[in-house]
Amino acid sequence: MAAANVALHDTHDHDHDHEHHDNFITKYIFSTDHKMIGKQFLVTGIFWALIGGFLSILFRLQLGFPDMELYFLKPLLGGWIDDAGKLDPNFYLALVTMHGTIMVFFVLTAGLSGTFSNYLIPLQIGARDMASGFMNMLSYWFFFISGVIMFCSLFLENGPAGGGWVVYPPLSALEQAIPGSGMGMTLWLIAMTFFIASSLLGGINYITTVINLRTKGMSFSRLPLTIWAFFLTAVIGLLSFPVLFAAALLLVFDRSFGTSFYLADIYISGEGALPNTGGSPVLYQHLFWFLGHPEVYIVLLPALGITSEVIATNSRKPIFGYKAMIISMLGITILSFVVWAHHMFVSGMNPFLGSIFMFLTLIIAIPSAVKVFNYLTTLWRGNLIFTPGMLFSIGLVSFFISGGLTGIFLGNSAIDIQLHDTYFVVAHFHLVMGSASFFGLMAGVYHWFPKMFGRMMDAKLGYIHFWLTFVGVYLVFFPMHYIGIAGFPRRYYSWTNFEFSNMYTDLNMFVSAAAIITFAAQFIFLFNFFYSMYRGKKASLNPWRSTTLEWTTPLIPGHGNWPGEIPSVYRWPYDYSKPGAKEDFIPQTVPLSATPESNLPHEQELVKLEKEIIAEEEQVLVANGSKEA
Amino acid sequence: MEEKLAYVEGAEQPIAMHPKKFALWLFMVTVVMIFAALTSAYIVRQSEGNWLEYDLPAIFYYTSAVIILSSIFLHWAYVSAKRDELLQLRIGISIATILGILFLIGQWYSWVALVDKDVYFVGNPAGSFLYVFTGLHALHLISGVIFLIIVLISSFRYKVHSQSMTPMEMCVTYWHFLGGLWLYLFMFLQLNH
């Protein structure tokens, strides 16, 4: 292994002529460069998305085709396919658990926030790198270790964790309960501990970088909305992940040390009472959902930020209501911490408390609606350019609306009592959180691919990928609303045992078929991604004619991002189609004094202030020049 | 490389705080959130009844005094470092470190006292919570002691003085924070007992 690495390192030193010589290991593996770490998060996220998606196909086969003989999966799943060719029911539970865990944490938290926060924050605020490159590297490697542990748990004899992604005790706390609460659950908890550490290290870095390392002129009111979104996401993570850690810690004590934080007076399979007394399972739910609900916004906000940027750029219009966007994101951030108990309307909570949480939950509809309105008004009468990134962003807005509307139903505790834990909930959060965030991720990849790899992704394949996925997602999740209204609970192995759900067998078959096609469509993206990385058309410096700072770097930015001085910023990031301007976009680096023809009256006044800053800048240049000499 | 770093840090910084110091503050926020979660879990659980009543170990008064003294000595060391009085710096930080270790030993004896009262980690959550609070705080305090020892060593190598205060300042902030966290936990336990 060591010898192989040394050999690779030699060839690489000859190939690349960098200002500062990286060998293979420091460049591609233990990199402290934010761009490489971002790409590492992206590739790892794609890997996990494939696994998570594949697991969902397995349980969709069971749900859609209950009589199917799955012998052909025997080479892969071994003992999990029983002699009759049926999926093992316990393994089914493990599948839904792992699908949820992987998608929520590994793909849409680490893969989305990890990728784009790392990649874009320094580039868009004008910084050389993150505040601490080392911590950033640690963040990725903790995530990696977490992934390795979770991956290993898939191959345990008793299967991975099976108590649902929320791992409620006592089910998850007692090994006797289900096979999935044994070793698999232990590994789940260890993996999540590493994941929390990774998220916190990343989050601390993102916040510090945004606050401390912005370039000259990059005030908070000139930050692109992407950065605002990443910043607020990191704040939410910083406040909520420690609480998950506390919840998991107490669960570990209950599982492995015999304490009774969550366990009380339990009789299990005729064994007699367990020794645990005095615990409270609802306590776990409170602690878990204090993270769990903000987690929804950790997943969603970065996608919304990316969408703001992509929609404004490709509508060739300033984002509508820049300040309203920021205020609504702030509102979502604050509200995300006071609505957690709407996940617990049927947990035996005080109904009065329920009505308070219902009220707070419905308030979130306001900032969310403001954002939707602003996206639509940005699109309205814009010179729309339908790049794949733009299509995915519009797709996000569509899912955000259709999934958000059902959120209003579910937020009402009276209706939630009927719909709780049915497929209606599954449909709701897969649209508003899962698919919307996934589309944000895709929009980001298509939009910033030229910056990441210096080449363009193929647009035609992008369109095919978009339409198959967009239509596919609706075909998969829309029918689930009906199944849910009929009352079918989620996480059930089989539909055929009850008369009322029996009649939905055809619909389930349809959903499963749509899911398989949608999953297959992702391989178009996968091919496009890796093919374009090496063979794609060479990108121009600013292919989308965008205003933000990352497009002022060289085609493939080196270590430190800008070869010379970091550019200063003189205007907000959304000067698209400004009346009077020659081009339909003015980059943030163009001083107001250089564009008298398009300045608004209040901007004309800023010109004087700007001249002072430029004078100061020149002094710094001189000072740096003498330092280097 | 050294030159490069100096340049990066010399770049315009919108707020005066050193990025590493700021990151430390954010880390302390996460620690606050962990203990906020645990102490609110304590209150929620306590209100449900079936709660074991017992007296807190008296040794907590002594360990609280020790941690306050330690913070005072460390602050003295910090002020001395700012004035370049290096001998006092070394004495102060050494005493603070020793007191920190003493605190940890004292916390261990609080567990011994609990066991003597038949309050165990495994049993009624009232007792378990106390072990989790003290144990998790002690873990953080160990990280603080390690930080203290690192700064202590660099103070003996003449690396802490009025021109080079960042690690010292971070260490002092963290140590005061951990002391304050303990006082919070102790007061919380006194009030909700």
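Helices (H or I, at least four residues) and strands (E, at least two) are DSSP runs, numbered from the N terminus. This is a predicted model, in which local features need pLDDT of at least 70 and side-chain atom pairs count only at pLDDT 80 or more, while totals for chains, interfaces and linings use all residues. Residues are numbered from 1 along each chain as its sequence is written, and chains are lettered from A and ligands numbered from 1 in the order in which they are written.

**View 1. Chain B is made of helices.** Along the sequence, chain B reads α-α-α-α-α-α, that is, six helices and zero strands. The C-alpha trace of chain B spans about 65 × 35 × 25 Å along its principal axes. Of the 193 residues in chain B, 33% are buried; a residue is buried if 20 or more other C-beta atoms lie within 10 Å of its own, exposed if 12 or fewer, and partly exposed in between, with C-beta atoms placed from the backbone. Two residues are in contact if their C-beta atoms, placed from the backbone, lie within 7 Å. Among the contacts in chain B with a separation of 6 or more, 79% join residues 24 or more positions apart.

View 2. The UniProt record (unreviewed entry) lists residues 22–44, 59–79, 91–109, 129–153 and 174–191 of chain B as "transmembrane region". UniProt positions are given in the numbering used here, feature names are shortened, and annotations may be inferred rather than shown by experiment. Residues 129–153 of chain B are 100% helix and 0% strand, with end C-alpha atoms 36 Å apart. Residues 174–191 of chain B are also 100% helix and 0% strand, and their end C-alpha atoms lie 25 Å apart.

**View 3. Helix α3 of chain B and its packing.** Helix α3 (residues 59–82) of chain B has 24 residues and reaches 35 Å from its first C-alpha to its last, close to the 34 Å expected at 1.5 Å a residue. The expected span of a helix is 1.5 Å times one less than its number of residues. Buried residues of α3(B) include B:Phe60, B:Val66, B:Phe73, B:Leu74 and B:Tyr78. The buried residues of this helix pack against α4 (86–116) and α6 (166–191) of chain B. Just after α3(B), B:Asp84 has a positive phi of about 65°.

**View 4. Chain A as a whole.** Chain A has 19 helices and zero strands. In chain A, 51% of the 629 residues are buried. The UniProt record (unreviewed entry) places "domain: Cytochrome oxidase subunit I profile" at residues 24–594 of chain A, a span that is 63% helix and 0% strand.

**View 5. Two domains of chain A.** The assignment gives domain 1 (41–264 + 271–535) and domain 2 (553–628) of chain A; domain bounds come from an automatic or database domain assignment. The C-alpha centres of these domains are 38 Å apart. In the contact between them, 17 residues come from domain 1 and 20 residues from domain 2. The domain 1 side of this contact has eight nonpolar, four polar and five charged residues. Ala, Val, Leu, Ile, Met, Phe, Trp, Tyr, Cys and Pro count as nonpolar, Asp, Glu, Lys and Arg as charged, and the others, Gly among them, as polar.

**View 6. The contact between chains A and B.** The contact takes 33 residues from chain A and 28 residues from chain B. On the chain A side, α7 (183–212), α8 (225–256) and α9 (281–315) each supply at least two residues. That side has 18 nonpolar, 12 polar and three charged residues.

**View 7. Backbone details in loops of chain A.** Most residues other than glycine have a negative phi, and most peptide bonds are trans. The peptide bond from A:Pro169 to A:Pro170 is cis, with omega near 0°, and A:Pro170 lies in the loop between α6 (133–153) and α7 of chain A. A:Val167, in the loop between α6 and α7, has a positive phi near 40°. A:Val167 is buried because 24 other C-beta atoms lie within 10 Å. A:Asp421 also has a positive phi, about 60°, and is partly exposed, with 16 other C-beta atoms within 10 Å.
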